[in-house]
Amino acid sequence: MPGKPFVYLDHAATSWPKAQGVAEAMSTFLAHEAGNPGRGGHALAQAAQRVMDEARAGLAKLINAESPDRMVLTYGCTDAINLAIHGVVSCARCSTGNPAGVVISSVEHNAVGRPAETHRCEGTAEVRLAQCDSEGFVTPEAVLEQCDEHTSLVCVTHSSNVLGTIQPIAEIGKSLRSQFPNTLFLIDAAQTVGVLPIDVRAMGVDLMAIGVHKGLRGPTGIGALYVGPRAYPDDGEPRIACCRQGGTGVLSRDLTMPPGLPSALEAGTPNTVGAAGVVAALKKTSLGSIDDERRLLFRVIERFQNDSRVTFFGPRDPNRRTAVLSMNIDGHDPRELATLLDSSFGLATRAGLLCSPLCHESIGTFPDGVLRISLGPQSTEEVVDAFCDALGAVLSATATTR
Ligand code: PLP
C-alpha cells in the first residue's frame, strides 16, 4: 500500500516477513523439482521425496523426536491436532466400547476445543476442562484432578495465543506418566515451535502438533504431528487410528493403510511445495533467546501500567511468557480499536476472541475478547513505540471527549 505506514504486530497469527530464502526455495522447487514423492522412480519424484525427507528430518531434530518417521506431515497445526484427537478417541472407543476420556486445558484454541466438543456432542468422548489460574497457568495438579483411569488423552497448549503463558509441560508430562501411565499427552505447539526449545522426550510428550508459519517463519498449509512410541509403538498395537485414508505410494495392493509410520497416518499427495519452504525456514532457525521481544513488550506495560483505563493480561513474570501481549482499554471495543489503529496509524494488531473462547471465559474477557499485539524476531523498539504513541493518542482523545 504505497504511502501508508505498515507496522506489523501480529506475529502470533502468522510471521511476516517469512524467513529469508523461503519464497525462493518454494518457487525453485515448483519450477524444477515438483514431482509426486513416493509415486515413481524418476528424477522429479525422487527430488520431491528428498525434500519431504529433509523437512521431516529437520523437524524431528528440532524437537528431538526419536526418528524422522515419527513426524507425520500434515496440512498445518489444526490438521495435526485433528489427526491426534480423532485418532486417539477412535482407538480408545474401539478398545473399550465406551466414550473416550479427554482432558483439555481451559486456555485451548478452537483447534483443540472444537474437535473435543464434536466428540462430546456425539457422545464419543467425555471431555473435562483443566482450569487455568488468573495468569493462564495450568498446573500439573489442575490436570491430574480431571484425570482418571479412563482418560485416554490430555491436551495442553504449550503457550496460549491470548496470554502468552508458557505452560509447565515437562512437569505435567512427568506427573501424568507417573500417575496415569495409560494416558497420552498431546501438546499444541502452534505458538512455540521455532520460538522455545522443545524436547519431546524430556517433556514426556506423546503427540505434538506443529505449525511452521508462525515461529519458524515458514509457509502456511503445512505442519506436522509428532507421534511418539507410546502412541505408536514400533512393535505392538497403535493407540492412534488413521482418520484419513488414501494413496501413499507404498503397499498399494492393500485396501488398508500401510502399518508403518509415517505412511500409516499420511494419505494423498502431500504439500511438497510447503516442504521446500520448511527446509528453507529451518536453515534460518536459531533458537536464540526471546528476551529482546519480551523486553519490548514490557516497554508497553511500563508505559501504561499507571493508567487505570488499561488492563494487561497474562503472566507478570516476563520469563514465563512468549512475545504476546493482550490488553483491554476501558470504553473501547477491542475490534473497533484494532480497526482504528489500522486505519489511522497503520498498525496491524489482532482483536476479539482470537479463536480461543475457552481462554476468554477463563479470564473474564468473553465475549468481546481483547486487543493483542505480538512480536517477532525483527520487531524493533520503533515498532513498539509506534504502538505506544498511537495508544497514547487514542487515550488522550478519549479523555478530551469525555
Ligand atoms: N493453536 C494455537 C495456540 C494457535 O495460536 C493456532 C493459530 O493461531 C492454532 C492452534 C492453529 O494453527 P493453524 O491455524 O496454523 O492450523
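A polar side-chain atom of Gln191 lies 2.7 Å from an oxygen atom of the ligand. The protein covers 83% of the 390 Å² of accessible area that the ligand has on its own. These values, like those that follow, come from a predicted model.

Gln191 is one of the residues around the ligand; the others are Cys77, Thr78, His109, Ala111, Thr157, Asn161, Asp188, Ala190, His213 and Lys214. Sorted by class, this shell has 3 nonpolar, 6 polar and 2 charged residues. Two further contacts can be located by atom. Asp188 places a polar side-chain atom 2.5 Å from a nitrogen atom of the ligand. With Cys77 the backbone is involved: one of its N or O atoms lies 3.5 Å from an oxygen atom of the ligand.

Asp188 leads on to strand E6, which spans residues 184-188. Is this strand enclosed or open to the outside? In E6, 5 of the 5 residues are buried, so the strand is largely enclosed by the rest of the structure. The cut-off for buried is a relative accessible area under 20%.

Which strands pair with E6? Strand E5, residues 151-157, pairs with E6 in the parallel sense over 5 bridges. Within this pairing, Leu184 of E6 is the bridge partner of Leu153. Strand E7, residues 207-211, also runs parallel to E6 and is joined to it by 3 bridges. Here Ile187 stands opposite Met208 of E7. A helix belongs to this part of the structure as well: E5, helix H6 (residues 169-179) and E6 make a right-handed β-α-β unit.

The backbone also deserves a look. Most residues other than glycine have a negative phi, and most peptide bonds are trans. Some places in this model depart from that pattern. Arg217 is not a glycine, yet its phi is positive, at about 60°. Arg217 sits in the loop between E7 and E8. Is Arg217 buried or exposed? Its relative accessible area is 15%, so Arg217 counts as buried, the cut-off being under 20%.

Leu251 likewise has a positive phi, near 50°, and is a residue other than glycine. Its place is in the loop between E8 and H7. With a relative accessible area of 44%, Leu251 is partly exposed, because this value falls between the limits of 20% for buried and 50% for exposed.

The loop between strand E8 (223-227) and helix H7 (272-283) also holds Pro262. The peptide bond from Leu261 to Pro262 is cis, with omega near 0°. Another cis peptide bond runs from Phe366 to Pro367, where omega is near 10°. Pro367 is found in the loop between helix H10 (357-363) and strand E13 (370-374).

Gly364 lies in the loop between H10 and E13 too. Its relative accessibility is 63%, so Gly364 counts as exposed, the cut-off being over 50%. How far is the C-alpha atom of Gly364 from that of Ser134? The two C-alpha atoms are separated by 9.4 Å, although Gly364 and Ser134 are 230 residues apart along the chain.

Methods
Residues are numbered from 1 along each chain as its sequence is written. This is a predicted model: local features need pLDDT of at least 70, side-chain atom pairs count only at pLDDT 80 or more; totals for chains, interfaces and linings use all residues. Side-chain values use heavy atoms; hydrogens and water are left out. A residue is near a molecule or strand if one of its heavy atoms lies within 4 Å of it. A polar contact is a pair of N or O atoms within 3.5 Å; within protein, one must be able to donate a hydrogen and the other to accept it, and residues adjacent in sequence count only if both atoms are side-chain atoms. Accessible areas come from the Shrake-Rupley method with a 1.4 Å probe; for residues, only the protein chains shown count as cover. Ala, Val, Leu, Ile, Met, Phe, Trp, Tyr, Cys and Pro count as nonpolar, Asp, Glu, Lys and Arg as charged, and the others, Gly among them, as polar. Buried means under 20% relative accessible area, exposed over 50%, partly exposed in between (1.4 Å probe, protein chains only). Helices (H or I, at least four residues) and strands (E, at least two) are DSSP runs, numbered from the N terminus. Two strands pair if DSSP finds at least two bridges between them. A crossover is right-handed if, with the strands pointing away from the viewer, the path from the first strand over the helix to the second runs clockwise.
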